[in-house]
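Below are some notes on the model you sent.

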Amino acid sequence: MKIAIVGFGPRGLAALEKLSVQVVQGNSPIEVDIFDPHATPAAGPNFSPTEPDVCLLNLPIRDVDLPQSPNKNVPPFGQWVQKIEANDEVYVPRSVLGTYFTERFQALMANLPDDLTVTLRPLRVERAVRHDDLWQLAAEGSYFGPYDHLLLSLGQPKTDLDDQADRWREHANSQGLDFTAAYPGKALIQSASGWADREVAIRGLGLSSLDVIRMLTLGLGGQFVDGRYVASGREPSVIVPFSLDGRAPAPKPASRDIDALFDPTDDETKSFEAALRAAVAGQGDEGLAGIFDALKPVVSRILSETGAAEDDTAIDGWLAMEVEKPGQQETRGTVEAIEGNLKEAEGACPPSVGFTVGQVWRKWQASLRAIFDGQQTNAATAKSLIAFDEGLKRYSYGAPVDNLRQLLILIDTGLVTPLAAEDPSIELSDDGWRLEADRGAVTASVMIDSVLPPPVIDKVSEPVIQGLVEDGTLMPIYDGAGAHCMPDGAVIDENGHQVVGLSIIGRLTNGSTIADDSIHDCFGDVTERWARGVTLSGKQHASKLSPKYAAAMGWLQKKTARKAGCF
């Protein structure tokens, strides 16, 4: 059986590991071709070992809980990382986790089962075409295949810019201005070395913007010493991160002991799981209301135990507003909100309803993914759950406490000026982007886009995905969502039929899946379901070899040999 894996970051690594286990368990021999143009297979661009150390994980070491490698010589991450950092409260650079993934992949390749052959092809796939039940790929002028199965595992593929970003890119091109992405960080720092004394705006005020701010300060040689910032002289004159509400993400609890205050009990988790199972079988907000019925007693208990004054009415009101407009409950200014959230995270004051809801939801992420992803959910319920989960990321995907403390220092010095800005209040001029800030108007000649495009399958401009969308093979599960697929990643086409030999995993399946942006999701159950399903189909396929199958093989091989006109 021949399989192609297109895209090979952490999720691709997880899929290959699960496949190796299936082969060891006596399934048919398998040949795998891996296609990924990035220089760091298994880590991908987001966790590249070459990324700057100022870009940190948003999880402390103690919370990075990845399944054991099938190679028993590879230690768990928590044990492996001790050679770099012994304190498991530390948030290590993303490059450290990427180095671990790279070593884990190398160990797998050095100890492959006898019946598994893997070839790494550092190429970008541009087209995938099916003939009968076989697939052929075009990649940088060459053709590969035929393959019995194709797995699409692209993490964050190229996506069409939204209207605002597209308009601003055209403006930058016409005026000779800088409009650039937040990542890769190494490239951003290199560009920023020429931005000394220039005004720089950052589109977005989430976790990525905190990375960007660190790259524009620490990455350019600045230091934090005894609670103050010591500039290198290479920084921009001002950094203006902005968003619709102008608020930064909340910090995670500052220590293991504080974090434990938000632990649900086993019975509370079982109640949530039961409510979630009922929700995915129900309709829209009725299902969400059932989940709230399981969530509210947990929040109420934690608030009571930590000395908070909020009652059940306050919890009901907060949740109702969260459904209507996430984040609207926050009425404090940016600095005041950061200071208040830091006190909650450090245990200096009782937690608020929102902070508590967010931490409890974070601890239920594994259950949420396992139940939601494990079955087909109707669109109305999926939309409600995903919207709620996305809104709570300002808490559940929170930043390290130190990052926000450093942000306050930079705001105090005047180097950083966060603000709320809607598009109409941002004027385009020959000199750049004019934003109204507390210190007066700022005209930025550099715009950094730190907003991650949403996983909308029909907005993806990556050629291999775009082609499959255009021919009706890939379609959104509902408008504005990711691809329609089964719990094992098998693709459902525009006619509602399963596409033979094609699977997709990752954030591009959002809507069929939930909470896809976590590193833990990369090693979730879908990769094991996929590996079992594809090896089972391989057995069935091998037992049905026929003249028609052989003819299809010959047809594709001739096309490959000719190359010209293959597609």
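1. Contact here means heavy atoms within 4.5 Å, and angles run from 0 to 180 degrees between N-to-C directions. The model is a predicted one.

2. Ala490 has Ser503 in S19 as its bridge partner.

3. H1 also packs on a helix. Helix H1 (residues 10–24) and helix H3 (residues 94–110) have axes 11 Å apart, at an angle of about 30 degrees. Angles under 35 degrees count as roughly parallel, and H1 and H3 are therefore roughly parallel to each other. The crossing of H1 past H3 is left-handed. On the H1 side the contact is made by Pro10, Leu13, Leu16, Glu17 and Ser20, and on the H3 side by Phe101, Arg104, Phe105 and Leu108. By class these are 6 nonpolar, 1 polar and 2 charged residues.

4. A second open sheet has 5 strands in the order S8-S17-S9-S12-S13, with parallel pairing. Its edges are strand S8 (178–181) and strand S13 (419–420), each of which pairs on one side only. Within this sheet, strand S9 (residues 199–203) and strand S12 (residues 238–243) are joined in the parallel sense over 5 bridges. Arg203 stands opposite Phe242 in S12. Helix H6 (residues 207–215) lies across S9, S12 and strand S17 (446–449), and runs at about 160 degrees to S9.

5. How do helix H10 and helix H12 cross? The axes of H10 (residues 312–324) and H12 (residues 353–363) come within 10 Å and cross at roughly 70 degrees. Since angles of 65 to 115 degrees count as roughly perpendicular, that makes H10 roughly perpendicular to H12. Ala314, Ile315, Trp318 and Leu319 of H10 make the contact with Val353, Gly354 and Val357 of H12. The contact of H10 with H12 has 6 nonpolar residues, 1 polar residue and no charged residues.

6. Helix H13 (residues 365–373) and helix H14 (residues 379–391) pack at about 160 degrees, with their axes 13 Å apart. Angles over 145 degrees count as roughly antiparallel, and this makes H13 roughly antiparallel to H14. H13 passes H14 in a left-handed crossing. Gln365, Leu368 and Phe372 in H13 meet Ala382, Leu385, Ile386 and Asp389 in H14. The residues of this contact divide into 5 nonpolar, 1 polar and 1 charged.

7. There are 20 aromatic pairs in the structure. In one of them, Phe35 with Phe144, the ring centres are 5.3 Å apart and the planes stand at 70 degrees, so the pair is edge-to-face. It links distant parts of the chain: Phe35 is in strand S2 (residues 30–35) and Phe144 is in strand S6 (residues 142–147), 109 residues apart.

8. Strand S4 (residues 125–131) and strand S5 (residues 134–139) pair in the antiparallel sense over 6 bridges, and Ala128 stands opposite Leu137 in S5. The hairpin of S4 and S5 has 2 residues between the strands. Asp132, in the loop between S4 and S5, has a phi near 55 degrees, a positive value in a residue other than glycine.

9. Most residues other than glycine have a negative phi, and most peptide bonds are trans. Gly145 and Pro146 are joined by a cis peptide bond with omega about 0 degrees, and Pro146 is found in strand S6. Tyr183 and Pro184 are likewise joined by a cis peptide bond, with omega about 5 degrees. Pro184 lies in the loop between S8 and helix H5 (185–192).

Terms used. Residues are numbered from 1 along each chain as its sequence is written. This is a predicted model: local features need pLDDT of at least 70, side-chain atom pairs count only at pLDDT 80 or more; totals for chains, interfaces and linings use all residues. Side-chain values use heavy atoms; hydrogens and water are left out. Two strands pair if DSSP finds at least two bridges between them. Helices (H or I, at least four residues) and strands (E, at least two) are DSSP runs, numbered from the N terminus. Ala, Val, Leu, Ile, Met, Phe, Trp, Tyr, Cys and Pro count as nonpolar, Asp, Glu, Lys and Arg as charged, and the others, Gly among them, as polar. A crossing is left-handed if the near helix is turned anticlockwise from the far one by less than a right angle, and right-handed if clockwise. Rings of Phe, Tyr and Trp (its six-membered ring) pair if their centres lie within 6.5 Å; planes under 30 degrees apart count as stacked, over 60 as edge-to-face and the rest as tilted.
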